[in-house]
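Welcome, and thanks for taking a look at this one with me.

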Amino acid sequence: MFFTATAKDLSAKKCVPCNTKDLRAMTEETASKLIPKVDGWNLANEGGTLKLKRSWKVKSFTKGLEMFQLISDIAEAEGHHPDLHLVGWNNVTVEIWTHAVGGLTENDFILAAKINTLDLHHLLRKKVSA
């Protein structure tokens with residue numbers, strides 16, 4: 001069903017409560033079919049736990065905190081909360097997985113797609129051209 005979902009389809013969906021009794025972690029094969037729908041995100045397998053992970057370089061420490069606020073607004077609205085990391089003064093990494101099932105669910109891809117709709121350009125460092 002959700003193999004044919006587009007990024008727009010995912011960002012239009014709403015996360016389901018994590019205490020839903022039928023919620024199960026997806027297989028790596030299923031996750032591999034969905035990862036192209038969330039541009040910029042990578043699959044990570046950490047000790048057998050599948051996660052979505054994405055990193056950005058921000059202009060400053062405070063821009064990283066602004067980015068966290070934008071992401072947290074979406075996370076709160078969805079009731080699905082990522083792990084947010086600000087390392088050094090400008091390296092932001094977001095990790096998403098469904099803690100309640102110990103792996104990935106469609107909720108994680110929905111949240112990643114919604115994060116991808118944010119306009120973050122004013123927070124990010126410009127790439128230096130060679």
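Predicted model: local features only at pLDDT ≥ 70, side-chain atom pairs only at ≥ 80, totals over all residues.

1. As general background, nonpolar side chains in soluble globular proteins tend to be buried together.

2. Phe109 is worth a click. Setting aside its neighbours within four places in sequence, Phe109 is in contact with Leu10, Met26, Ala31, Leu34, Ile35, Val38, Leu52 and Leu104.

3. A search of the whole structure finds one aromatic pair. Trp41 and Trp56 form this pair, edge-to-face, with 5.9 Å from centre to centre and 85° between the planes. The pair links distant parts of the chain: Trp41 is in the loop between α2 and β1, Trp56 is in strand β2, and 15 residues separate them. Both Trp41 and Trp56 are buried.

4. Next comes the hairpin. Strand β1 (residues 42–46) runs antiparallel to β2, and five bridges join the two strands. Within this pairing, Asn45 stands opposite Leu50 of β2. Two residues lie between the strands of the hairpin, and Gly47 takes a positive phi near 60°.

5. On to the charges. Side chains of opposite charge can pair when their charged atoms come close. In this model the count comes to eight salt bridges. One of them joins the side chains of Lys14 and Glu78, at 3.8 Å from N to O. Because Lys14 lies in the loop between α1 (7–12) and α2 while Glu78 lies in helix α3, the pair ties together parts that are 64 residues apart in sequence. Is Glu78 buried or exposed? Glu78 has a relative accessibility of 10%, so this residue counts as buried, the cut-off being under 20%.

6. Another salt bridge is found between Glu46 and Lys53, whose closest N and O atoms are 2.6 Å apart. Glu46 is partly exposed, with a relative accessible area of 31%, and Lys53 is also partly exposed, at 23%.

7. The charged end of Lys51 sits over the ring of Trp97, at 3.7 Å from the ring centre.

8. Finally, look along helix α3 for a local pair. The side chains of Lys63 and Glu66 meet in a salt bridge at 3.7 Å, N to O. Both residues lie in helix α3, three residues apart, which is about one turn of the helix. Lys63 is partly exposed, with a relative accessible area of 23%, and Glu66 is partly exposed too, at 35%. Compare this with the Lys14–Glu78 bridge, where the partners come from parts 64 residues apart in sequence.

Methods: Residues numbered from 1 in each chain as written. Heavy atoms only, no water. Contact = heavy atoms within 4.5 Å. Pairing = 2+ DSSP bridges. Helix = DSSP H or I, 4+ residues; strand = E, 2+ residues; numbered from the N terminus. Salt bridge = Lys/Arg side-chain N within 4 Å of Asp/Glu carboxyl O. Buried < 20%, exposed > 50% of the residue type's maximum accessible area, 1.4 Å probe, protein only. Phe/Tyr/Trp six-rings, centres within 6.5 Å; stacked < 30°, edge-to-face > 60°. Lys NZ or Arg CZ within 6 Å of the ring centre and 35° of its normal.
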